[in-house]
Amino acid sequence: MSSQFVTPEEIEKKLQKQLKTLPPLLIEDLRGELLSRKITNTQLTRIIKEVVKAYHGSLVEPGEAVGAVAAQSIGEPGTQMTLKTFHYAGVTELYVTLGLPRLIEIVDARRNPSTPTMRVYLDEEHRQNEGKVMKLVQQIEQTKVERVSQSVAIDLAEGGIVIELHPELMKDKKVTSEMIQEKLAELKVGDIEGDDERIVIIPGLREGEEVIPMAKLQKVLKKVRDALIKGLAGVKRVIVTKEKGEIFLDTEGTNLRGVLRTKGVDNTRSLSNHIHEIAETLGIEAARSIIILEAEDVLAEQGLDVDIRHIMLVADLMTNTGEIRQIGRHGISGQQSSVLSRAAFEVTVKHLIHASIRGEQDPLLGITENVIVGQQMPLGTGSIDLLMMPPKPPKEK
Amino acid sequence: MKKIGRIWFGLLAPDIVRKMSVTQIVTADTYDEDGLPISSGLMDRKLGTIEPGQRCSTCGNRVGECPGHFGHIELSRPVVHVSFAKLIKKFLKSICRRCARLKLKPELIPVYKEKMDEAMEKTGQIDQDIADAVLKDAGKPSVCPFCEAEQYKVKYEKPTTFYEEKMEGSVRLTPTDIRDRLERIPESDSYLMGIDTRVSRPEWMILVVLPVPPVAVRPSITLESGVKSEDDLTHKLVDIIRINQRLRENIEAGAPQLIVEDLWELLQYHITTYFNNEVSGIPPARHRSGRALRTLAQRLKGKEGRFRSNLSGKRVDFSARTVISPDPNLSINEVGVPLEIAKILTVPERVTEWNIEDMRQLVLRGPKDHPGCNYIIRPDGKRIDLRFVKDRKTNADGLDAGHIIERHLRTGDIVLFNRQPSLHRMSIMAHEVKVMPYRTFRLSLCVCPPYNADFDGDEMNLHVPQGEEARAESRILMLVQEQILSPRYGGPIIGGIQDYISSAYLLTRKGTLFTKAETCQLLASAGFREDLPKPSITKPKPMWTGKQIFSMLLPKGLNLSLKASVCRKCDVCQKEECLYDSFVLIRDGELLAGVIDKKAFGAAQPNSVLHRIVKDYSNSEARRFLDSMCPLLVTLITNSGFSMGIDDVTLAPAAVRRIEDILKEAEENGLKLIQAFRAGELRRTPGLSLEETFENLMMELLSKARDGAGAVAGQELGLDKHAVIMTATGAKGNALNLAQMAACVGQQAVRGKRISRGYRRRTLPHFKSGDLTPQARGFVESSYSKGLDPVEFFFHAMGGREGLVDTAVRTSTSGYMQRRLINALQDIKVEYDETVRNSEGQIIQFRYGEDGVDPARSDHGKAVNLAAIIERVLSQKR
Ligand SMILES: [Mg+2]
Ligand SMILES: [Zn+2]
Ligand SMILES: [Zn+2]
Ligand SMILES: [Zn+2]
């Protein structure tokens, strides 16, 4: 009996033949299912035939309004989402925007998301070693002068800026006075003098100046306060988490470029939730992926079931020009070629005025335009012209 | 059929305004003493007519046919068109004040021209980016590169004033000066500046003649008192004509410059507000009552404007709207339509030699008898209104092939049914009409989820498709049964709700047995017409189990297994052997194990019984299943009775005591926590302040207490209580609702925090300042069944209000997001080459969703249900 069953090699051979007809994911699933069962050759042939048939039956039809359906599928569950900002799953200390506000942030492609974070995975050497991880955290987390001093202020008696250092915090962050002075020197803020407790900065005088103007002192003060002693700019906080025996870092604030360059980081898996940052560091394809991932996460977290294809379409539309375009007036909607469509969306008069002087033409290819002029829209059953020649009625006898 | 190919926008030239005008308007008056329109006035008959019975003196047509005709006003002095003011500024800055040429370096001109030509050839349109670059470059030189004239800085003051900043001071540029300069811009230069010279000229941005819209655009209304009230636009035009007249008289009389300038300024103001009454920098023109006038820009703009209100969405005939109510005996495909509505809505039907007798009958019955007819349309297009026909017999006899009659809506017709907000495509579905008495639309309860409808006063709309094509598409694409699977997730959106689920549980749980009579009654309500299977109990009398009855309605050959909602998530699932009967197993159309509840029968449940029927059989089979199952479940639950009362949430004294203990302990722990916080003994959570740490710990403690109390109630209340059946099966409500009713309501929160505001450092005046105890910060110890004390009630109202506000805000923000998504994505469709493109033909995806699978045809997102196929093939004979 057993000789009747097909071998894995035979299954593989048959599957390879379907590479062009079936999508890779489906072939993979099918392989898994087939290998886990005992099947005869005829059954195998029949199964593959049936799968191909079922697959063809599930394909989209030309003309299908996939855009409108995607928009509805993402928009409709919006009414069921929360407006609140909640904790991140598992990590209690890190607040992350979720729900409707986050979804809007994603489709808006906001340049400054309200809670940028990174999930930093570590390489094999660091993954399990807590001691090494702490060192890495020191490298990543930004430390500003302000964070390690009791006060940073203008001292008119000194004619400059005085930093009162906080020795304990400095020890905590592994920062020395020399390090701070060195960094400040790089910034060219003026003459620097200091010891372990206090640093004095006297900005240089410009030609014709007798005293340093207050405005300049203020400027330098801000520069000094924000001066980065170590770590990556923008990474305000790093939280170490252990899950399934693997240590990884979650950050408040992002600096993906910096993190990916840091030794010890697994730069194949680490990610930021900042769409524009991803586009700038990893390219537009990565940005598309992060839009999909983030939108999926938001919807899944709210327990909403939305097919990934809808999210993909939105992500593709937002990125297909090579640049990230938001869904709305300042992005896709504003760049539509149809005057009527733009006028019907937002800022009506501006678009009409503009069209008149530029002599714009509306070829009436879209949906809104054709609704406006009262014509059939080129979508679904309206996208084809079907002519029928009815048989002539038989002549009466 | 004629089709509009494209619309080309351009500026109106003064000559064209004059040419398309039928009369010059000179008098500001509208009607004379007799109420007749004054010739050359704003209501001149030549502009078209709006009074019924009157004929237009230009085209001779009556109200419906006359399209209206434009007039014009010759302005005494040119005036700036506000909307173009910013552009005029840019132009003035970039052209020479003497020779009016673009101040572009001569060597740059051919470069830009080549670029612009290229863009023009590619798109047939001006490239705004190139024009912007040109204007920027040409704005810089302070000496003209051609005539070497010195240039001055042009200053623009909102909304329509321009100055030149000379050494000796600012000099006003009048519209005449500006027009003079713009007029002299060579064609080739204006082309580079971004003007499509085929349709526009720069000087046309300064008006010398004003078109007067036809009266149909600004109809006057006669109030009940007989007083005529004019449209806002007419008011504005009256102002314009008056000032224009005075300006002309003053100029002709040689009045002082100052007076002329003042009048000119006033004319500019009126024309500015005529175009746009919301321009910044000037006060809006107001009606006598103080209301700001609604002029041209306001008519187009915004949600109530022409574009969004009249062009993107239109009012339609052949529609009805009324309150909805449920009818469990209707099929999901049906809609109950009140007889009164059916007599008003009509379907056009062409009379042929085959149906002429039926049509005659309809005509004979006329508009008042139900399956009747309201109109006859003769081949010459003439309509006969049967309401005013005395002897319908003549009309019926006169009926001939080729006539069209508009007959009453009747049972079996296809209509579209809709409930707002129409958030997804299942918000409009096609139903078959069932004409019924009474005055509400009736629908099956199973279609409530896609419409998101309930019956607390909801109203719905109904539309009658008028063409053969529309009816065919409605039936094939939009019928409810075709919409069972939602394209959002590839699962059913239609299905059992609320009592259907409770009833399905009652039917299929262990121990439900029916006598022959009961069984027959249940099956009769389902329309079951086959033989009964063997009873599972024969002695003392034959009895059938609920599972047997459920199985009788399942299609033959259905295979399925799933975990029910009542599943307790045991560590190791016992499958069929589950103690709680929560593993549903269906083999060959037989329910072998498990209870049917929300997971198996509910709406919006992927992999439910209904989902498998749609996927493995057909939409029609799924409809048949629902249409037979639902009435059966209604019969069952009506006969057995199902309700909830105080008993369902009343606990035994011992349980009440346990809950009291839990709450008391929580209170003590809370006090300890407060002490620790006050004494500074609390350890701060990294990243949080001490207060936040304290609040978090307190919230955690209190929510644990509430959960503990709820758990006690949960243990106490078993599945014998109807309330528990409802929550456990997923019919309605959840465990938290029950816990709040039976045990403890718990912490009330505002903005996710304990309630802390109201008075200074306290929430209510009878607490001590700085009181941090649970009672003072919104913890409700009582249960709903016990009742809340006044303080608890107050906090509860605070939390409740936040919920209401949240809902209101959410609908508006998500509505706007939806609108933007729709606008950005609506043009995208799949083409015949399998690519996904927008209306311009740009490719968005090479293959839809990477695998080309339609989510609505997928099996919960998967292209193919492999397990089902393999199982099917393997079960076939070798
Ligand atoms: Mg309602
Ligand atoms: Zn006319
Ligand atoms: Zn010149
Ligand atoms: Zn179980």
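**Figure 1. Salt bridges between chain A and chain B.** Chain A and chain B are linked by 7 salt bridges. The model is predicted. One of these salt bridges pairs the side chains of Arg309(A) and Asp851(B). Its N to O distance is 2.9 Å. That falls inside the 4 Å cut-off, so the pair counts as a salt bridge. On the side of chain A that touches chain B, 54 residues are nonpolar, 31 are polar and 22 are charged.

**Figure 2. The contact surface of chain A and chain B.** From chain A, 107 residues take part in the contact. Chain B supplies 102 residues. The size of an interface is often given as the accessible area lost when the parts come together. Here the two chains bury about 9700 Å² between them. Carbon and sulfur atoms account for 59% of that area. In chain A, the residues that lose the most area to chain B are Arg309(A), Ile357(A) and Gln361(A). Together they make up 8% of what the chain A side buries.

Figure 3. Strand S13 of chain A covers residues 361-362. Strand S1 of chain B covers residues 7-8. The two strands run antiparallel and are joined by 2 bridges. Asp362(A) has Ile7(B) as its bridge partner in S1(B).

**Figure 4. An open sheet in chain B.** Three strands line up in the order S31-S32-S33. Their pairing is antiparallel. S31 (829-830) and S33 (843-845) of chain B are the edge strands. Each has a single partner strand, so one side of each lacks a neighbour in the sheet. S31(B) is joined by 2 bridges to S32 of chain B, residues 836-837. Within this pairing, Lys829(B) stands opposite Arg837(B).

**Figure 5. Chain B as a whole, for context.** Chain B contains 27 helices and 33 strands. Its C-alpha atoms fill a box of roughly 120 × 100 × 70 Å along the principal axes. The radius of gyration of chain B is 38 Å. For a compact globule of 878 residues, the value would be near 29 Å.

Definitions and conventions: Residues are numbered from 1 along each chain as its sequence is written. Chains are lettered from A and ligands numbered from 1 in the order in which they are written. This is a predicted model: local features need pLDDT of at least 70, side-chain atom pairs count only at pLDDT 80 or more; totals for chains, interfaces and linings use all residues. Side-chain values use heavy atoms; hydrogens and water are left out. Contact means heavy atoms within 4.5 Å. Buried area is the accessible area (1.4 Å probe) that two parts lose on being put together, summed over both. Ala, Val, Leu, Ile, Met, Phe, Trp, Tyr, Cys and Pro count as nonpolar, Asp, Glu, Lys and Arg as charged, and the others, Gly among them, as polar. Two strands pair if DSSP finds at least two bridges between them. Helices (H or I, at least four residues) and strands (E, at least two) are DSSP runs, numbered from the N terminus. The radius of gyration is taken over C-alpha atoms; the globule rule is 2.2 Å times the number of residues to the power 0.38.
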